[in-house]
2 protein chains.
Amino acid sequence: MKEVKVFAPASAVNLSCGFDIFGCALKFPGDEVLVRRTDQAGVRIIKIEGDGGRLSYDTDENTAGIAASLLLNHLQSEQGIEIELYKKMPLGSGLGSSAASAVAALTAVNHLLGSPLPRRELLPFAMETEIFVSGWGHADNAAASLLGGFILVRSYEPLDVLQLSVPDDLYFAVVRAHAEINTKKAREILKPDVELKKAVVQWGNIAGMVTGLLNSDYDLISRSMNDVIVEPVRAPLIPHFYDVKSAALKNGGLGCSISGSGPSIFAMCKGEKNARSAGQAMGGIYDKAGLEHDVYLSQINKNGPEILNEVL
Amino acid sequence: MKEVKVFAPASAVNLSCGFDIFGCALKFPGDEVLVRRTDQAGVRIIKIEGDGGRLSYDTDENTAGIAASLLLNHLQSEQGIEIELYKKMPLGSGLGSSAASAVAALTAVNHLLGSPLPRRELLPFAMETEIFVSGWGHADNAAASLLGGFILVRSYEPLDVLQLSVPDDLYFAVVRAHAEINTKKAREILKPDVELKKAVVQWGNIAGMVTGLLNSDYDLISRSMNDVIVEPVRAPLIPHFYDVKSAALKNGGLGCSISGSGPSIFAMCKGEKNARSAGQAMGGIYDKAGLEHDVYLSQINKNGPEILNEVL
């Protein structure tokens with residue numbers, strides 16, 4: 001194979017109560033990465049589109065490049081690689097933009113080399129890439145983008161990542177204000193300690209959320225989508241957060257919270273109609289405020305990355 | 001009906017990672033309460049057996065009496081009631097002794113009066129009774145004893161209690177040293193704050209535990225049975241805790257931790273054979289140490305309280 005182009009999906013994470021443990025792949029947006037064999041050793045990024053000129057062509061400063069290099073090193077491969085990165089989703093949006101690029105690159109390089117690693121084994125490289133972006137190798141975006149579906153990161157040490165079966169009719173409505181949140185900073189404002197009482201509230205909701213998902217109990221999912229720890233701290237960073245949330249909950253959202261460190265706000269909904277109605281209402285708040293934004297409606301992406309085309 | 005005698009089961013709670021949210025009813029031990037109509041107004045305790053003389057006959061200082069009075073007041077019933085309390089389980093054991101007495105009394109009084117309340121509506125009275133014992137109205141023992149099965153207290157405000165479906169082959173081995181832990185004190189030594197990092201570890205395990213239970217995935221249950229917050233603080237109160245735990249894990253226990261505030265230590269096991277082997281090994285540690293103890297082996301009690309006999 002000479003070249004291959006791969007799509008890897010965006011992901012909503014935390015999903016209200018599940019800070020650092022829940023993630024879910026979306027059908028769109030997502031990033032596309034093309035990798036091509038070259039005779040010249042090393043990894044080079046030769047083209048980046050859709051980033052407004054903000055991403056680096058330096059392989060060590062771009063998550064697609066970092067991920068590709070990590071994998072080649074691990075495989076002890078001397079294969080020269082060219083990368084073209086097509087950003088089809090916003091940077092710093094809380095939807096796992098960096099993870100999507102890394103996962104697309106990893107999937108593409110692995111495929112190009114004849115799939116020496118099973119998909120799941122690419123995860124540590126995507127996580128290592130996240131260190132570059134946020135200061136630590138969180139797995140939620142990376143695992144959701146790589147594996148697809150609704151992800152539970154049960155444990156980091158040792159790494160234990162599960163896919164939870166979820167109702168087919170679960171949709172996401174996501175609204176993203178055209179603002180950027182620094183992921184590192186959004187972590188730093190979190191308090192290092194939480195009240196035990198609040199932690200107990202949170203773990204009741206987490207247990208309820210998992211039960212609701214596995215039993216397709218939408219009402220229970222809705223009751224459990226309540227984050228008393230992270231959302232209250234990060235909400236002030238997000239434009240009009242509580243107005244958007246209120247609009248989502250009044251218009252078909254089972255629950256609504258910040259995706260990752262924002263600014264994206266997601267609502268989980270039963271069925272496409274509710275997702276459309278919630279998405280419109282959420283976007284409506286930003287319309288009124290004169291704030292540029294995007295609205296995405298998406299079912300859960302159960303498949304993860306997709307090979308778009310290959311040249312043999 | 002003139003009188004009725006009810007059995008209400010003991011319960012293991014917290015179940016490692018689920019402090020204040022997980023509880024599970026056992027088939028035994030448990031308490032028996034007989035209630036009888038009398039012409040004399042008010043609630044009187046006329047007999048207590050099995051408590052070694054330690055429980056009060058004062059209706060306001062005995063959980064069976066408190067619970068019965070609360071229910072009668074709620075029902076605005078003037079019916080005079082006599083109570084006989086047969087303690088068939090140890091006090092202060094971490095197995096919900098006070099809750100079992102309260103639940104047996106509530107179930108008996110409600111039954112005696114023609115079941116004016118559905119079973120689930122007795123829970124708030126059992127919780128109110130717990131305030132007397134531990135300083136706050138926790139629901140885990142009370143709900144497990146009253147409803148049977150594996151209980152998730154999803155939320156306290158508003159109260160939202162669920163029964164989780166669990167594998168049929170799940171057994172408990174419980175060892176109780178003949179020592180008593182003051183429940184109030186065991187709460188007070190808990191730190192009011194926990195590290196966010198540890199809280200994340202805990203909620204990953206909680207989500208894993210629920211997933212394991214609902215999917216009958218014993219290996220996942222086992223991996224998830226890890227409490228990094230409460231167990232380390234309370235372990236020093238429990239005689240030879242880590243030796244007992246280690247013995248359980250080496251002899252068929254999926255996981256092992258303190259039930260409630262102890263001293264009871266439980267292991268969850270796949271199948272009776274493993275429970276027997278874990279129970280023997282756990283008891284063996286106390287045998288060696290010359291420490292009096294009891295070992296209970298029990299399947300999950302899915303039914304909750306049981307009417308033992310009634311006199312019409």
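Two residues are in contact if their C-beta atoms, placed from the backbone, lie within 7 Å. On this basis, the contact between the two chains takes 31 residues from chain A and 31 residues from chain B. The model examined here is predicted.

The side of chain B that touches chain A draws two or more residues from each of several elements. These are strand 5 (150–156), strand 6 (159–164), strand 8 (193–195), helix 6 (196–214) and helix 7 (218–224) of chain B. Helix 6 of chain B gives the most, with 13 residues. By class, this side of chain B holds 17 nonpolar residues. The remainder comprises 7 polar and 7 charged residues.

Strand pairing also crosses between the chains. Strand 8 of chain A, residues 193–195, is joined to strand 8 of chain B by 3 bridges. The two strands run antiparallel. Within this pairing, A:Asp193 has B:Glu195 as its bridge partner.

The relation between the copies was examined next. Two copies of a chain are related by a rotation about an axis and a shift along it. Here, chain B is superposed on chain A by a rotation of 180 degrees, with 0.0 Å of shift along the axis. The RMSD is 0.0 Å. The two copies are thus related as by a two-fold rotation axis. Of the interface residues of chain B, 100% are also interface residues in chain A, so the copies meet through the same surface.

Chain A contains an open sheet of 4 strands. Their order is 9-10-7-11, with antiparallel pairing. Strand 9 (253–258) and strand 11 (293–299) of chain A are the edge strands, and each pairs on one side only. Neighbouring strands of the sheet are turned by 15 degrees against each other on average, direction ignored. Strand 7 (residues 170–177) of chain A is joined to strand 10 (residues 265–270) of chain A by 6 bridges. These two strands run antiparallel. In this pair, A:Val175 stands opposite A:Ile265.

Two helices lie across the strands of this sheet in chain A. Helix 9 (residues 241–250) of chain A lies across strand 7, strand 9 and strand 10 of chain A. Helix 9 of chain A runs at about 165 degrees to strand 9 of chain A. Helix 10 (residues 272–288) of chain A lies across strand 7, strand 9, strand 10 and strand 11 of chain A. Its direction is at about 15 degrees to strand 7 of chain A.

In chain B, 4 strands form an open sheet in the order 9-10-7-11, and the pairing is antiparallel. Strand 9 (253–258) and strand 11 (293–299) of chain B each have a single partner strand, so one side of each is left without a neighbour in the sheet. Strand 7 (residues 170–177) of chain B is joined to strand 11 of chain B by 7 bridges. These strands run antiparallel. B:Ala177 stands opposite B:His293 in strand 11 of chain B. Helix 9 (residues 241–250) of chain B packs on the sheet, touching strand 7, strand 9 and strand 10 (265–270) of chain B. Helix 10 (residues 272–288) of chain B lies across strand 7, strand 9, strand 10 and strand 11 of chain B.

Helix packing was then considered in chain A. Helix 1 (residues 63–74) and helix 2 (residues 97–112) of chain A pack at an angle of about 40 degrees. Their axes are 8 Å apart. Helix 1 of chain A passes helix 2 of chain A in a right-handed crossing. Helix 1 of chain A contributes residues including A:Ala64, A:Ala67 and A:Leu71. Among those from helix 2 of chain A are A:Ala102, A:Ala105 and A:Val109. The contact of helix 1 with helix 2 of chain A has 10 nonpolar, 4 polar and no charged residues.

Helix 3 of chain A passes helix 4 of chain A in a right-handed crossing. Helix 3 of chain A makes the contact through A:Leu123, A:Ala126, A:Met127 and A:Glu130. The residues of the contact of helix 3 with helix 4 of chain A divide into 6 nonpolar, no polar and 1 charged.

Terms used
Residues numbered from 1 in each chain as written. Chains lettered and ligands numbered in written order. Predicted model: local features only at pLDDT ≥ 70, side-chain atom pairs only at ≥ 80, totals over all residues. Nonpolar A, V, L, I, M, F, W, Y, C, P; charged D, E, K, R; others polar. Pairing = 2+ DSSP bridges. Axes fitted to C-alpha atoms, helices over the stretch in contact; angles between N-to-C directions. Least-squares fit on C-alpha atoms with pLDDT ≥ 70 in both. Left-handed = near helix turned anticlockwise from the far one by under 90°.
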